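Subject: Structure handover

Hello,

Here is the structure for you to look over. My notes on it come below.

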Amino acid sequence: MKVLIVGSGGREHAIAWKISQNSKVEKIYAAPGNAYNKVIKSCENINLKTSDDILNFALKEKVDLTIVGSEELLVDGIVDKFQKNNLTIFGPNKEAAMLEGSKAFAKDFMKKYGVKTAKYQSFTDKEKAIKYLDEMSYPVVIKASGLAAGKGVIIAQNRKEAENTLNDMMTNKVFAAAGDTVVIEEFLDGVEISVLSITDSEVIIPFISAKDHKKISEKETGLNTGGMGVIAPNPYYTKTIEKNLYKIY
């Protein structure tokens, strides 16, 4: 069995490492992969980054299963392209990937379907966004709506920081096009719990709970990063919380 893993981060390396332990897997390709994949004998990095190039490679090599970790390519519609060519691929299609690719879309989706979420408003006009700050208390959360590698969320402690953040995102383009739309939302103080799940649109299978550490400095201070590490299972994930979560499922 040939498996293709799309992405270049630690997540994709972990997937490759685990899949390499399956006796049915004879070859693993990683596009573009990373240096750590060299320790996996059955894994070969291939320098391909676009969905079309990766699709052509999968067709040529007769890849049996493709697993996508790259958010950018999911939003680009790589799953749709593979499915149109009758290739087996694991990941959400382009429409579903918008929940990850646009924070504004995700917030509107939650509001529409009654999923509890913090008070928010989305903006493409900086002056309107600044005016909305008058309605908020501090600290306040400001998010670049698009993909920003886990770095596009700023917790502004006061009005000045909030205005500076909006200027950085919408005028100075520190997150490029990801900051063309911003989401301003109320700050909720608490412990983060993540429970990732997989679904075929009919059955939902949850993974174990996890707690992400994003802050770059000690004691949860500094700017967000793409992730400084994860604890799993999450020690704050109680049976009561699990029971309430399963009610949503």
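Predicted model: local features only at pLDDT ≥ 70, side-chain atom pairs only at ≥ 80, totals over all residues.

Parallel sheet

Five strands make up an open sheet with parallel pairing, in the order β3-β2-β1-β4-β5. V6 stands opposite V68 of β4.

Two helices that pack on this sheet are worth noting. Helix α1 (residues 10-19) touches β1, β2, β3 and β4, and its direction makes about 165 degrees with that of β1. Helix α2 touches β1 and β2, and its direction makes about 170 degrees with that of β1.

Nonpolar cores

The largest nonpolar core has 20 residues, and L4, V6, I46, I54, I78 and F82 are the ones that touch the most other members. Two or more residues each are given to this core by β1 (2-7), β2 (27-32), α2 (51-61), α3 (71-76) and α4 (78-84). The largest share, four residues, is that of α2.

Leaving aside residues up to four places away in sequence, L4 touches Y29, A30, A31, I46, I54, A58, V63, L65, T66, I67 and F82. Two of these, I46 and I54, are also among the core residues that touch the most other members.

Antiparallel sheet

The other sheet is open too, with four strands in the order β6-β9-β7-β8 and antiparallel pairing. Here the edge strands are β6 (120-123) and β8 (153-156), each pairing on one side only. On average, neighbouring strands of this sheet are turned by 20 degrees against each other, direction ignored. Strand β7 (residues 140-144) pairs with strand β9 (residues 182-186) in the antiparallel sense, over five bridges. One of the positions to check is V141, whose bridge partner in β9 is E185.

Helix α8 (residues 159-170) packs on this sheet and touches β6, β7, β8 and β9. The direction of α8 makes about 5 degrees with that of β7.

As for annotation, the unreviewed UniProt entry places the feature "domain: ATP-grasp" at residues 107-202. In the model, the end C-alpha atoms of residues 107-202 lie 23 Å apart, and the span is 26% helix and 22% strand.

Aromatic pairs

There are four aromatic pairs in the structure. One of them is F109 with Y113, a tilted pair at 4.8 Å centre to centre with 45 degrees between the planes. F109 is partly exposed, at 35% relative accessible area. Y113 has a relative accessibility of 54% and therefore counts as exposed, the cut-off being over 50%. Ring pairs also link F105, F109 and Y113 into a cluster.

F123 and Y132 form another tilted pair, at 5.2 Å centre to centre and with 50 degrees between the planes. Both F123 and Y132 are buried.

Regards

Key. Residues numbered from 1 in each chain as written. Heavy atoms only, no water. Core = buried A, V, L, I, M, F, W, Y, C linked by side-chain atoms within 4.5 Å. Buried < 20%, exposed > 50% of the residue type's maximum accessible area, 1.4 Å probe, protein only. Contact = heavy atoms within 4.5 Å. Pairing = 2+ DSSP bridges. Axes fitted to C-alpha atoms, helices over the stretch in contact; angles between N-to-C directions. Phe/Tyr/Trp six-rings, centres within 6.5 Å; stacked < 30°, edge-to-face > 60°. UniProt positions renumbered as here; feature names shortened; annotations may be inferred.
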